[in-house]
Amino acid sequence: MSRTLFIADLHLCQEEPAITAGFLHFLQREAQTADALYILGDLFEAWIGDDDPNPLHQQIAAALRALPLPVYFIHGNRDFLLGQRYARACGMTLLPEEQVVQLYGKAVLIMHGDTLCTDDAGYQRFRRKVHQRWLQRLFLALPLRLRQRIAARMRDGSKDANQHKSAAIMDVNAQAVSAVMQRHQVQWLIHGHTHRPATHPLLVNGQPAERLVLGAWHHAGSMIEVTPEALTLIHFPF
Ligand code: LP5
Ligand code: MN
């Protein structure tokens, strides 16, 4: 059966071995029969450089490389520093932050989703800063231990900032969604980031449309399966 799978927001890290086990099981079973696998960001809890010798990274790379199908990756707000060196080790193709894919006659826009959270001014300011190439080069030139400390501070800063933000501003902005779908002239959008899995019917370009949101992998897996017949959000046990 023709099917293409999408996942995001696994936040893999050594402290969560159950999620890693669930992902490896997904790769060895569910993913094997897909035409392609798209990973829409935040595969890892944090990414501080392709030179990080974390054994988890090599384990994941080997499992992805062993897949008998193409694997694509869009950066998330945690792993935007994941580079070509690691992508090659995984056999993954890096995609831009907004990508339209043609799936069984449908044009589908795929993104991580953080750029749609335009009401979260604090995050968009932060994002502009950390996406400056000169700052990224400076950060990647730092000793690994210092990078680990900075990332931990950023994670703590983020958790603290999130405590004082309303849930509403940390979701996508409806106008931003409509604008990006109009810009790409698509009727389907798949994204992650918000950890609010759902299928939202919309009206875009004067036509019925759908925004499908992937769930984070906390205690179960979440994927979107696209077939010639349908786009379906599916949750499954690890
Ligand atoms: O990630 P999450 O789910 O907690 O919240 C996100 C937004 N936060 C982030 C920050 C990331 O968690 C940090 C990850 C670091 C990984 C690698 C380090 C790379 C360094 C690169 C240097 C060039 O993305 C959060 C959103 C939320 O999603 C919902 O959309 O609200 O945004 C924020 O919280 C941003 C804050 O508003 C402001 C920034 C807080 C961090 C301050 C760090 C200061 C320490 C710097 C030390 C030198
Ligand atoms: Mn995210």
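The legends below describe close-up views of a predicted model.

Local features are given where pLDDT is at least 70, side-chain atom pairs count only at pLDDT 80 or more, and totals for chains, interfaces and linings use all residues. Residues are numbered from 1 along each chain as its sequence is written, chains are lettered from A and ligands numbered from 1 in the order in which they are written, and side-chain values use heavy atoms, with hydrogens and water left out.

**View 1. The six-stranded sheet is open and has mixed pairing.**
The order of its strands is β4-β3-β2-β1-β10-β11. Strands here are DSSP runs of E with at least two residues, helices are runs of H or I with at least four residues, and both are numbered from the N terminus. Two strands pair if DSSP finds at least two bridges between them. At the edges stand β4 (92-94) and β11 (231-236); each has a single partner strand, so one side of each is left without a neighbour in the sheet. From one strand to the next the twist averages 25 degrees. Axes are lines fitted to C-alpha atoms, for helices over the stretch in contact, and angles run from 0 to 180 degrees between N-to-C directions.

Contact means heavy atoms within 4.5 Å. From β2, Ala36 and Tyr38 point one way and Leu37 and Ile39 the other way, and all are buried. Buried means under 20% relative accessible area, exposed means over 50%, and partly exposed lies in between (1.4 Å probe, protein chains only).

**View 2. The five-stranded sheet is also open, with mixed pairing.**
Its strands follow the order β5-β6-β7-β9-β8. The edge strands, β5 (99-103) and β8 (198-204), each pair on one side only. Neighbouring strands of this sheet are turned by 25 degrees against each other on average, direction ignored. Strands β6 and β7 pair in the parallel sense over three bridges, and leucine 109 has leucine 189 of β7 as its bridge partner. Strand β7 (residues 188-191) also pairs in the parallel sense with strand β9 (residues 207-213), over four bridges; here the bridge partner of histidine 191 is valine 213 in β9. Helix α7 (residues 174-184) lies across β5, β6 (106-110), β7, β8 and β9, and runs at about 65 degrees to β8.

**View 3. The manganese ion (ligand 2) has protein donors from aspartate, asparagine and histidine residues.**
The donors are Asp42 (OD), Asn77 (OD1), His112 (NE2) and His193 (ND1), lying 2.1 to 2.3 Å from the ion. Donors are N, O and S atoms within 2.8 Å of the metal (3.2 Å for Na, K and Ca); water is not among the atoms, so sites may look incomplete. In sequence the donor residues are spaced D-x34-N-x34-H-x80-H. Distant parts of the chain are linked: aspartate 42 is in the loop between β2 and α2 (55-65), and histidine 193 is in the loop between β7 and β8, 151 residues apart. Aspartate 42 counts as buried because its relative accessibility is 1%, and histidine 193 counts as buried at 17%.

**View 4. Ligand 1 has 23 residues around it.**
Those that come nearest are Arg78, Asp120, Arg155, Ser158 and His193. A residue is near a molecule or strand if one of its heavy atoms lies within 4 Å of it. Polar side-chain atoms lie 2.9 Å from an oxygen atom of ligand 1 in asparagine 77, 2.8 Å from a nitrogen atom in serine 158, and 3.3 Å from an oxygen atom in asparagine 162.

**View 5. Arginine 78 lies in the loop between β3 (71-73) and α3 (84-90).**
Arginine 78 is buried because its relative accessible area is 17%. Its side chain makes a polar contact of 2.8 Å with that of glutamate 45 and one of 3.4 Å with that of histidine 11. A polar contact is a pair of N or O atoms within 3.5 Å; within protein, one must be able to donate a hydrogen and the other to accept it, and residues adjacent in sequence count only if both atoms are side-chain atoms.
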